[in-house]
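Hi,

Here is the model I promised to pass along.

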Amino acid sequence: MSDQIQNTPPEWECTATGFAKRVSSRQAQFVIQNSLAASGDAALGWEIRYDRCRCRGVKRRTWHAIARNFPTYGGRQQHLRPQIMPYFAAFGASVTAASWEPGNPNLIVKGYQGAIIQLAFGIGVNWLAEFAPDIKTILRR
C-alpha cells in the first residue's frame, strides 16, 4: 500500500494495473522469503517456531520477544544457534523482487533494506505471539 501511495517504482504508475503489480510483487517476495527461511532452517535442523516465555511480567516477556529474534534452537541437543535464516531469506527475497522492478534498483541496498525490515517485523511478530493469549482473553471479556 505504501508503495502505491509513494508511487514506487514510478514506472508502474498510480493506476489499478500499477497497484496490481505492486501487490503481486510484494506477495511473491513474501512467499520467496518464507520459503527460503523454512527451507534453510529445515536443512540445518533448526527450529523456526517461536517459544513463549515461561516468565511473568510484561517487561520480561517483552524482552524475551525481542531477544528471541536473534537465537533459535537447533541440532540434536537443541542448543541455541544464531537465528540467521530469516535475515538471509529477507535479503534474498528482496534482491529477487528488486530484480524484476523497472528502473534498475540497487539490488544490494534492497537486500539490506529487506533484512533490516525483517529485524523490526520479527520483533513485532514475536511480541504478538508472546501476548496473543492475553490479548485474546481481554477481548473475550
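Below is what I found, going from the whole chain down to a few residues.

A word on the basis: this is a predicted model, in which local features need pLDDT of at least 70 and side-chain atom pairs count only at pLDDT 80 or more, while totals for chains, interfaces and linings use all residues. Residues are numbered from 1 along each chain as its sequence is written, and side-chain values use heavy atoms, with hydrogens and water left out.

The chain has 5 helices and 2 strands (DSSP runs, numbered from the N terminus: H or I of at least four residues for helices, E of at least two for strands). From the N terminus the order is α-α-α-β-β-α-α. Along the principal axes, the C-alpha atoms fill a box of roughly 50 × 45 × 20 Å. Of the 141 residues, 28% are buried (under 20% relative accessible area with a 1.4 Å probe and protein chains only; exposed is over 50%, and partly exposed is in between). Taking contacts (heavy atoms within 4.5 Å) with a separation of 6 or more, 53% come from residues 24 or more positions apart.

Now the helix pair. Helix α3 (residues 58-67) packs against helix α5 (residues 107-140) at an angle of about 140°, and their axes are 8 Å apart (axes are lines fitted to C-alpha atoms over the stretch in contact, and angles run from 0 to 180 degrees between N-to-C directions). That makes α3 and α5 oblique to each other (under 35 degrees is roughly parallel, over 145 roughly antiparallel, 65 to 115 roughly perpendicular, and the rest oblique). On the α3 side the contact is made by Val58, Arg61, Thr62, His64, Ala65 and Ile66, and on the α5 side by Ile123, Asn126, Trp127, Glu130, Phe131 and Asp134.

Apart from neighbours within four places in sequence, Ser94 touches Gln29, Lys110, Gly111 and Gly114.

Lastly, Ser2 lies in helix α1 (residues 2-6) and, at 44% relative accessibility, counts as partly exposed.

Cheers
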